[in-house]
Structures are given as structure tokens and as C-alpha cells.
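Student: I would like to learn how to read the features of a protein model. Could you take me through one, step by step?

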Amino acid sequence: QVQLVESGGGLVQPGGSLRLACAASGSFISINDMGWYRQAPGKQREPVATITTGGSTNYPDSVKGRFTISRDDAKNTLYLQMNSLKPEETAVYYCNARLVVRWSRSEANYWGRGTQVTVSS
């Protein structure tokens, strides 16, 4: 069994910062690509940042220069540093990871349950 657990969400004022974390645990051999996604009420889930096993990152234009994704493979943890947050970025933020699971030795896609980020004064 594999779990992704997000933390670090909360209420922040416009222009403020938050750092999200996502810890992976369970029976897996390795973690491949990882990413953060968000879903606002009434909208589709959208990518926020992705990172490969080699550390290559990708961001949509809307967050470039303000968000930074990173990973600590020794701790099986993914991070998202968010700066200069805007009210329209209020959403549930989800962690995603592709892991090689132990029982099948094949890659599978997993999602966390999400953490709420609210940007409001």
C-alpha cells in the first residue's frame, strides 16, 4: 500500500507565502516523476509544477517566478514553495507521484488527498 500525504496548507494573505510538503510512504521501490496540481471550486484540476527524477522542473506561465518545486529523495518528500500568492490561487492542492510499487515492480500513478490553500485578506 502506498500513501501520499500533503501538509502545509492554510490561510494566507494576498502576497504571502506558503510551503507545501508531500510525504510518500508504503511499499514502493522508487519514485519517478512528481508534481503538484490544484483544483478550485467549479474548475478542472490543473498542473502547478512538475519535477522529474533528474530534477528538471516545469511550471505554467501563471506561476513561473513565484512557485518553486523541489524534492528530497532521501526523505521521499516533495515540496512546493509558493510566494506572492493571489486570491485566485485559492484551491485544494494535490500531490501526484509515479512510483514503482514493490508488489508488481511496475509504475503506478498516485494522488494525495489534497491540502486546502486559501488566499484572502
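Predicted model: local features only at pLDDT ≥ 70, side-chain atom pairs only at ≥ 80, totals over all residues.

Student: Where is Leu 11 found, and which residues does Leu 11 touch?

Tutor: Leu 11 is in strand E2, residues 10-12. Setting aside residues up to four places away in sequence, Leu 11 touches Thr 118 and Ser 120. For a sense of distance, Leu 11 and Ser 56 are 45 residues apart in sequence, and their C-alpha atoms are 30 Å apart in space.

Student: What does the secondary structure of the protein come to?

Tutor: There are zero helices and 11 strands. Read along the sequence, the pattern is therefore β-β-β-β-β-β-β-β-β-β-β.

Student: What share of the residues counts as buried?

Tutor: Of the 121 residues, 40% count as buried. Contacts can be read by sequence separation as well: among those between residues at least 6 apart, 56% join residues at least 24 apart.

Student: Which residues have the most contacts inside the largest nonpolar core?

Tutor: That core has 32 residues, and those with the most contacts inside it are Trp 36, Phe 67, Leu 80, Met 82 and Tyr 93. Several strands each supply at least two residues of this core, including E1 (2-7), E4 (28-39), E8 (77-82) and E11 (115-119). The largest share, six residues, comes from E9.

Student: Which residues is Tyr 93 in contact with, leaving aside its neighbours within four places in sequence?

Tutor: The list includes Glu 6, Leu 20, Tyr 37, Arg 38, Val 48, Phe 67, Leu 80 and Met 82. Gly 114, Thr 115 and Val 117 are also among the contacts of Tyr 93.

Student: How do I read a pair of aromatic rings?

Tutor: Such a pair is described by the distance of the centres and the angle of the planes. A search of the whole structure finds one aromatic pair. Tyr 37 and Trp 111 form it, with 5.0 Å centre to centre and 65° between the planes, which is edge-to-face. Tyr 37 lies in strand E4 and Trp 111 in strand E10 (residues 107-111), so the pair ties together parts that are 74 residues apart in sequence.

Student: Is Trp 111 buried, partly exposed or exposed?

Tutor: Trp 111 counts as partly exposed, at 36% relative accessibility. The charged end of Arg 45 sits over the ring of Trp 111, 4.6 Å from its centre. Likewise, Arg 19 lies over the face of Tyr 79, at 4.1 Å from the ring centre.

Student: Which residues have a positive phi without being glycine?

Tutor: Asn 76 is one of them, with phi near 55°. Asn 76 is placed in the loop between E7 and E8 and is partly exposed, with a relative accessible area of 26%. Arg 105 has a positive phi of about 55° too. Arg 105 is found in the loop between E9 and E10 and is exposed, with a relative accessible area of 64%.

Key. Residues numbered from 1 in each chain as written. Heavy atoms only, no water. Core = buried A, V, L, I, M, F, W, Y, C linked by side-chain atoms within 4.5 Å. Buried < 20%, exposed > 50% of the residue type's maximum accessible area, 1.4 Å probe, protein only. Helix = DSSP H or I, 4+ residues; strand = E, 2+ residues; numbered from the N terminus. Contact = heavy atoms within 4.5 Å. Phe/Tyr/Trp six-rings, centres within 6.5 Å; stacked < 30°, edge-to-face > 60°. Lys NZ or Arg CZ within 6 Å of the ring centre and 35° of its normal.
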